[in-house]
Amino acid sequence: MAEMSAMNRKLIQNLAETLSKQVKHFNKTEAECLIRLFNGLLGDQSDRRVGNGLDRGKFRNILHNTFGMTDDMIMDRVFRAFDKDNDSYVSVKEWIEGLSIFLRGTLDEKIKYCFDVYDLNGDGYISREEMFHMLKNSLIRQPTEEDPDEGIKDLVEITLKKMDHDHDSRLSYADFEKAVRDENLLLEAFGTCLPDAKVTIEVKIVKTV
Amino acid sequence: MGVALTRAAQWTTASSGTGKLEITPVNESLLKEILEFVEQFSSRHPQEAKHVFKEPLQWTTSLEASDFKTEYDISGPAVKSQETDRDGHPMLQLTPPSISVHSFSQLSKIVQLATDKKLKEVRACLEGKPCQPQNETLHPICILNSQSCILPISHRHHLFVLLQLDTQLLSNSLKQISQEVRLSPAAVKNDVELLKSFCSEGEKRVLTSVQYTSDYEFTNGCRTPPWRQVHGEICYLVIKPCDTQPLHITCSTAGVFLNGENAYDRTSDVYRDLVTLLKSKSPHFAENINKQDFAVQEEPPTQKVQHVELVDAEEQGQPQRSYEHQEKNVHEKARQQLVQNKPGGKKKLEPSLKWKNLGLASPYDEADDKKSKKNAVSEKFAEAQEKMQKKADVSVSSLPGRQSSNKTKTPGGVGGADDFSESSSESEEDEEQPERRTESNTDLPSEYWQIQKLVKYLKGGNQTATVIALCSMRDFNLAQETCQLAIRDVGGLEVLINLLDTEEIKCKIGSLKILKEISRNSQIRRAIADLGGLQTMVKILDSPDKDLKYLAAETIANVAKFRRARRTVRQHGGIMRLVELLDCVPDSAALTEEQEKDVEVARCGALALWSCSKSTRNKEAIRKAGGIPLLARLLKSPHENMLIPVVGTLQECASERSYRIAIQTEGMIEDLVKNLNCDNHELQMHCASAIFKCAEDKRTRDLVRQCEGLQPLVTLLSQADNKQLLAATTGAIWKCSISMENVDYKALETLVGLLTDQPEEVLVNVVGALGEGAQKPANRATIRKCGGIQPLVNLLTGTNQALLVNVTKAVGACATELENMTIIDRLDGVRLLWSLLKNPNPDVQASAAWAICPCIENAKDSGEMVRSFVGGLELIVNLLKSTNKEVLASVCAAIAKIAKDEENLAVITDHGVVPMLAKLTNTLLLGMMGSTDEVLQEAAAGCVANIRRLALANEKARYG
C-alpha cells in the first residue's frame with residue numbers, strides 16, 4: 001500500500017511537472033495540489049474509468065458548491081469550455097487548464113473564455129437570440145405586463161447598444177473585447193461563469209493550507 | 001408697482017366690482033413699502049413729483065377740511081390746493097368723503113397730513129374706485145401700472161422711478177409670497193379630503209362632488225403626468241358646486257386655478273387654495289362654508305400655521321398609506337411614532353425630511369408592493385432561482401432595517417453636543433438646497449424615461465441584469481442634473497444603496513461608480529446620507545477588494561461635503577478606516593498593477609479625509625488614528641493627483657496646533673516647499689495655504705527659508721490671474737515676513753505692485769506682508785521707493801475690517817520714517833487714520849490709534865494738524881471709555897504723543913482726560929505695566945508719566 005502511494009506520488013509529481021510547464025499560472029507545487037484535488041473529486045465518482053475524468057454532473061456539482069454558480073445553462077457552457085476535446089469528460093489536463101483561467105486568468109484570457117461560454121452555437125458571434133436565451137431568467141416577470149418578455153427584449157437591446165460597436169446587431173469577439181476593456185464589469189455580462197473574487201480568495205487560502 | 005400689486009397683493013374677490021385689499025401680512029408690508037415710497041417721493045424725485053397725472057387718483061378719504069393747513073383754500077368742508085396746473089385746475093380737491101389728487105407731490109403731502117391715518121389713506125387710495133367705471137384702465141392700480149395714463153408721454157423716461165419701486169416691492173414680498181402661496185401635494189390632498197367631507201347629503205351640503213381626474217397617484221403625491229409635474233402641477237379636480245357648472249380645477253405649487261377642461265391653459269386667476277377659489281366661484285359655497293362645524297373659515301388667516309404643520313402631515317402621510325395594505329413592519333410603526341413624538345421645536349431642524357418624503361418615500365410603497373407581488377410569484381422562482389434572487393431579496397427586505405437605523409441619525413437625534421463641534425474654518429457648502437428642481441426644462445427629456453426603466457431593471461433583476469442596467473446607466477451623462485434627479489425621483493438611490501449591502505461585488509462596484517458621479521449634486525449627497533449610505537460605504541472600506549475600497553472612499557469624499565455627513569463618517573468609524581487606506585508605499589518607481597491599485601486606494605482615502613477634515617473633531621480623529629505620519633509619507637509621492645488631496649488635508653488640518661507642530665517636526669515643510677515648484681496651481685495653492693497656516697511659528701518660518709521656499713513663493717506672485725492661488729501665496733509670504741530675514745527687496749517690490757486692483761482676500765495678505773516688512777527701516781524706504789505709500793493710504797478708506805487692521809499697521813510702520821511721513825501727510829493719511837477711530841471694530845480702533853502715534857511724532861506741526869481735526873481730540877479721549885485693553889493701551893500711547901503739544905494738552909484736559917486716565921491707572925494701567933507685553937508696558941508707563949505731567953500742568957495753571 002505504502003509502495004502504491006509512493007509510486008502514485010511519484011506519478012503525480014511527474015504529471016505536475018509536465019503540466020506546470022504546459023499550463024500557465026501554476027507552479028509545480030500548485031499543479032500537484034490541483035491534481036490531488038482532482039483525484040480526490042474523481043475518487044468519489046462511482047463510475048470510475050481510467051483515462052476519463054469528471055463527468056458533467058460531477059463537474060456541475062463542483063461549479064455549484066465550490067464556485068457558487070447557479071444558472072444551469074451557463075454551467076453547461078462552462079463544462080463545454082473546460083472540456084476542450086468534447087469527450088464529455090474533463091480530464092486532469094483540462095481541469096488544470098480551466099482552473100488556470102478560473103483562478104489566475106489574465107483579463108485577456110478571461111475575455112476569451114467568457115466569450116466562448118456565451119457564444120452558445122460556437123459561430124463566433126453572440127446573437128440577439130443567444131442573448132435573449134441567456135438573459136431570459138434575469139428579470140422578475142411582472143404578470144401584469146402584456147408581453148412578459150418585453151423587459152428581457154429591452155435588456156437585450158440595452159446590451160447591444162452598449163456593446164455592439166460595429167452595429168451589426170450581434171456581438172463579435174472584437175465587440176465583446178472592447179466593451180469589457182472599457183468596463184470590466186461587463187466581463188460576465190450574460191451570466192456568472194467565473195468564480196467571484198471572494199471565492200478566488202477562499203480557494204487560495206484552501207490551497208496554501 | 002403694477003406687477004407687484006397685481007401679483008403679490010392679496011385682493012379679496014372681485015365679485016362686488018371693487019377690489020379690497022385683504023388684511024394680511026403680505027399686504028401690510030406692501031402697504032408700508034408704498035407708504036414710505038410715497039412719503040419720500042417729493043423729496044427724492046422733486047421733478048417727477050410735479051408731473052400732473054392725466055387722470056386724477058380718486059378715493060374715499062377719512063380726511064377732513066380741518067386736517068389741511070396752509071397752501072390750501074378751505075371753504076366749509078371742501079378743500080382746494082393753491083397749487084394748480086397750467087389750466088388753473090387745483091392739484092388737489094376734497095369734497096368729503098371723496099378726494100382727487102393730480103400729482104405725486106400732492107400725494108406726498110396728503111400722506112404727511114394724514115399722520116396716524118397714513119396707512120389707511122394709502123390703502124383707500126389703492127382700493128379707490130375707478131373714476132370712469134366704463135374705462136377699466138383707469139383703476140388706480142392700472143394707472144400706476146400703465147404708464148402712459150399717469151404721465152405725459154414725454155416724461156415716460158422718468159418712470160424708471162416707479163419701476164424701481166415695483167422691483168423693490170416684489171423682491172421684498174417675494175419671500176413671503178413664496179412661503180405662503182406655494183402649495184404641496186400633501187396640502188392639496190388635505191384640502192381635497194376636507195372638501196369631500198362637505199359633499200354629504202342633507203342641509204349642510206356645500207358641494208355636490210369633488211373628484212380627481214386621475215386615480216393614479218405618483219409616489220411624490222402628484223396625480224398629473226410627469227411632463228406637467230415639471231410645471232409644478234399637482235393634480236386636476238372636477239368639483240361640482242350646488243349652484244353652478246362643474247369647475248375644472250388645476251392645483252399647482254403656485255396655487256389653484258380653473259383650467260380649460262380639456263386643456264392645461266389657465267382660464268381664471270390663481271387662488272391660494274381650493275377654499276378661496278370655491279368661495280369666489282360658488283356663492284352657495286361661500287355662504288355655507290362658514291356654517292360648517294369645521295374651522296374652515298379660519299383657514300386663510302392661519303395659513304402660516306397650516307404650512308408649518310405640513311411637514312408633519314407629509315411625514316406621516318406617506319408611511320401611513322403603505323400600512324393600509326402592509327401591516328407587517330413593526331419597525332416602521334415605531335419610526336412613525338418616534339417622528340410624531342418629537343417635540344415640535346425639533347422639527348424645524350429637519351427641512352430635508354420634507355423633500356425626502358416628496359421624492360424619497362416612494363420606494364416604500366413600491367418596495368412593499370413589490371414584496372407582496374413577489375410573494376405571489378415567489379413559488380415559481382423559489383427553487384430554480386433561489387440563489388440568484390438573494391440579491392433582490394436583500395434589496396427589498398433591508399429597507400425597513402435601513403430606515404430604522406436611519407432614524408437615529410436625523411438631526412436632533414443622537415448627535416447631541418456633537419452637532420456644534422465643527423470648526424469655524426469650514427464653509428458649509430450645501431446646508432440648504434432648493435426643494436424642487438428648477439423648472440427650466442419644460443419637457444422631461446427622454447433620459448428621464450430611460451433611467452426610470454433602468455431603475456426598474458435594477459429593482460427586479462438578478463445580478464446579470466443588474467450589472468447590465470448599472471453599466472447602461474453609466475452611459476448617461478451623470479454629471480447632468482436631470483439625470484441625477486431622475487435617478488432619485490424614481491427611487492433609484494434606495495436601490496443603489498441597497499445594492500451596497502449585498503454580497504455581489506460587481507453590483508457593489510457598479511452601484512458605487514454611479515453614486516460616485518451623482519453625489520457631486522448636493523441634493524443627492526443629502527439623500528445618500530439620509531438613506532444611510534455612508535454607514536454602508538464605511539463598512540465597505542473593510543472589504544478586501546481594492547476596487548470596492550477606492551470607489552467607496554471616493555464616494556465618501558463626495559458625500560462628506562456637509563457637516564452631518566462628516567459626523568456620520570466619524571461616528572461609524574470611518575475616519576480610522578480611511579486612515580488605514582493611506583498605508584501604501586507610493587514611491588517605488590515601477591509599480592505593479594496591484595501596487596497601482598494600492599496607490600489609488602490611498603489617493604481616494606486621502607480625498608475622503610480631505611472632505612472629512614473640514615470638521616474639527618475629524619481632524620482630531622485623523623490624528624488619533626495615526627494619520628499624520630501616513631500623510632507625511634504620501635507627501636513624498638511623485639504624483640500630483642495624490643499630492644493634492646494629501647496637501648489639501650494637511651492644510652485643512654493645519655488650523656490645529658498639533659498638526660502645525662507635526663508638519664514642522666516631521667519634515668513636511670521641505671516637501672511642501674518642493675511642491676511649490678510644481679506646475680499645478682491647485683497643488684501650489686494648497687502648499688501655500690499650509691505654509692500660511694503654519695508660519696505663525698518662528699521655527700517654521702526659518703525652515704521655509706532654509707528649504708529655499710521664499711523664492712518660489714515670490715515667483716508665484718506673478719500668477720496674478722489665479723486669485724485663489726494669489727491669496728494663498730500672499731498669505732504665506734505675509735506670515736513668513738514676520739521673520740525679517742525672509743523679506744527681500746524683490747518681494748516688497750512685487751507686493752507693492754499688488755496693492756491695486758486685487759480682491760480683498762489678496763489685499764489683506766499683501767498689506768499684512770508689507771506691514772511686517774516695514775518693521776525694518778530699509779524696507780520702509782523700499783516701500784516708498786516702489787511707490788507703495790500712496791496705495792496704502794488709499795486703502796485706509798476701505799471697509800473690510802481685517803484689511804483695515806493690516807493697512808493701519810502698515811501705514812503706522814511706514815510713518816516712523818520721516819520721508820514716508822511727508823507723503824502720508826500730503827495724502828491726508830493722518831485724518832484718514834483718525835477717522836478710523838470711529839470704526840466700530842475695536843481691533844481697527846486699536847490698530848489705528850497705534851498708527852497715529854508715529855504720525856504725531858514725525859509730522860511737521862503735528863500739534864496744529866491734530867487741532868485741525870474737528871472733534872478729533874474729543875473722539876480719542878472718549879475712546880478711553882472702551883473696555884478693550886488693546887484699544888486702551890493704544891489710545892493711551894496716542895494721548896501720550898498728543899499731550900506733548902501744550903495747546904492740545906489743554907484741550908484734552910478740558911475733555912476730562914485726567915480723571916479718565918486716573919481711573920484707568922487704578923484699574924488697568926497698573927496691571928498693564930505689569931504685563932509681559934513690552935509695548936503694552938511701555939505705553940502704560942508712558943501714560944502714567946503723562947498723567948503726572950498733566951496733573952502738574954494743571955496745578956501750574958491753577959496756582960502759578
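Select B:Cys814. This residue counts as buried, at 1% relative accessibility; buried means under 20% relative accessible area, exposed over 50%, and partly exposed in between, with a 1.4 Å probe and protein chains only. Then select B:Cys736, also buried, at 0%. B:Cys814 is in none; its nearest cysteine sulfur belongs to B:Cys855, 9.9 Å away.

A note on the model. It is predicted, so local features need pLDDT of at least 70 and side-chain atom pairs count only at pLDDT 80 or more, while totals for chains, interfaces and linings use all residues. Residues are numbered from 1 along each chain as its sequence is written, chains are lettered from A and ligands numbered from 1 in the order in which they are written, and side-chain values use heavy atoms, leaving out hydrogens and water.

Now show chain B as a cartoon. Chain B has 52 helices and nine strands; these are DSSP runs numbered from the N terminus, helices being H or I with at least four residues and strands E with at least two. Of its 960 residues, 56% count as buried.

Go to strand β7 of chain B, residues 233-241, and select B:Glu233. Is B:Glu233 buried or exposed? It is buried, at 6% relative accessibility. Its side chain makes a polar contact of 2.5 Å with that of B:Tyr236. A polar contact is a pair of N or O atoms within 3.5 Å; within protein, one must be able to donate a hydrogen and the other to accept it, and residues adjacent in sequence count only if both atoms are side-chain atoms. Beyond neighbours within four places in sequence, the contacts of B:Glu233 include B:Arg228, B:Phe257 and B:Tyr264, where contact means heavy atoms within 4.5 Å.

Next, the largest nonpolar core, which has 253 residues. Such a core is a set of buried Ala, Val, Leu, Ile, Met, Phe, Trp, Tyr and Cys residues joined through side-chain atoms within 4.5 Å. Select A:Trp95, A:Phe102 and A:Phe190, which touch the most other members. Helix α29 of chain B, residues 593-612, gives the most to this core, with 10 residues. Zoom in on A:Phe102: its contacts beyond four places in sequence include A:Phe67, A:Tyr113 and A:Pro195.

Finish on two loops. A:Asn86 sits between α4 and β2 of chain A. Its phi is near 60 degrees, positive in a residue other than glycine, and it is exposed at 57%. B:Asp757 lies between α39 and α40 of chain B. Its phi is near 55 degrees, and it is exposed at 73%.

Methods:
Disulfide = S-S within 2.5 Å.
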